[in-house]
Amino acid sequence: MATINIPIGNNIIKRGDTIQEILFSFDALDDIDLTGATIRMDLYLSVSKVLSLTSGNGITIIDDKSFKIDKIDYADNTLPVGTLKGDLEITNSVGDRLTYVDIVYTITNDYTK
């Protein structure tokens with residue numbers, strides 16, 4: 001299973017910053033159909049859940065092969081400083097549940113207030 005580290009590239013995410021949307025697209029040949037699916041992502045700092053997103057509430061299914069984690073505006077970014085770990089789980093229309101990737105968000109301290 002792959003791990004997606006956010007932020008991607010050399011960017012950083014400071015506590016209270018806007019977190020841009022992240023687009024996920026499966027290849028046309030991949031054996032997945034997001035029609036009627038439910039997508040969930042929970043993030044934890046140690047054993048405490050700090051963020052819970054679902055399709056329709058923070059995750060948008062775009063079509064049968066793509067979805068996005070919606071943008072988190074700066075006013076809504078109350079994520080704690082640290083390494084937040086979780087995963088991305090998709091339940092398809094017939095009830096099969098699969099975890100596709102682990103997610104790691106790294107949030108750093110905001111010094112400019």
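A residue counts as exposed when its relative accessible area is over 50%, as buried when that value is under 20%, and as partly exposed in between. The legends below use these words for a predicted model.

View 1. The C-alpha trace spans about 45 × 25 × 25 Å along its principal axes. A compact globule of 113 residues would have a radius of gyration near 13 Å, and the 15 Å found for the protein agrees with this. Of the contacts between residues at least 6 apart in sequence, 66% join residues that are at least 24 apart. Buried residues make up 32% of the 113 residues, while the protein exposes about 6,900 Å², of which carbon and sulfur atoms supply 48%.

View 2. In soluble globular proteins, nonpolar side chains tend to be buried together. When neighbours within four places in sequence are left aside, Leu88 is in contact with residues including Phe24, Ile39, Met41, Ile59, Phe67 and Ile103.

**View 3. Strand E4 pairs with both E8 and E5.** Seven bridges join E4 to E8, and these two strands run antiparallel; within this pairing, Arg40 has Glu89 in E8 as its bridge partner. E4 is also joined to E5 by six bridges, again in an antiparallel arrangement, and here the bridge partner of Met41 is Leu53 in E5.

**View 4. Ser46 sits in the turn of a hairpin.** E4 and E5 form a hairpin with two residues between them, and Ser46 lies in the loop that connects these strands. Is Ser46 buried or exposed? Its relative accessibility is 66%, and because the cut-off for exposed is over 50%, Ser46 counts as exposed. Most residues other than glycine have a negative phi. Ser46, although it is not a glycine, has a positive phi of about 60 degrees.

**View 5. Asp42 is a buried residue of strand E4.** Asp42 is found in strand E4 and has a relative accessible area of 14%, so it counts as buried. Which side chain makes a polar contact with the side chain of Asp42? The partner is the side chain of Ser52, at 2.7 Å. Leaving aside neighbours within four places in sequence, the residues in contact with Asp42 are Lys49, Leu51, Ser52, Leu53, Lys85, Gly86 and Asp87.

**View 6. Val50 is a partly exposed residue of strand E5.** Val50 is found in strand E5, and with a relative accessible area of 28% Val50 is partly exposed. Not counting residues up to four places away in sequence, Val50 touches Leu43, Tyr44, Leu45, Leu79, Pro80 and Leu84. Asp102 lies 52 residues from Val50 along the chain, and the C-alpha atoms of these two residues are separated by 16 Å.

Conventions. Residues are numbered from 1 along each chain as its sequence is written. This is a predicted model: local features need pLDDT of at least 70, side-chain atom pairs count only at pLDDT 80 or more; totals for chains, interfaces and linings use all residues. Side-chain values use heavy atoms; hydrogens and water are left out. Contact means heavy atoms within 4.5 Å. Helices (H or I, at least four residues) and strands (E, at least two) are DSSP runs, numbered from the N terminus. Buried means under 20% relative accessible area, exposed over 50%, partly exposed in between (1.4 Å probe, protein chains only). A polar contact is a pair of N or O atoms within 3.5 Å; within protein, one must be able to donate a hydrogen and the other to accept it, and residues adjacent in sequence count only if both atoms are side-chain atoms. The radius of gyration is taken over C-alpha atoms; the globule rule is 2.2 Å times the number of residues to the power 0.38. Accessible areas come from the Shrake-Rupley method with a 1.4 Å probe; for residues, only the protein chains shown count as cover. Two strands pair if DSSP finds at least two bridges between them.
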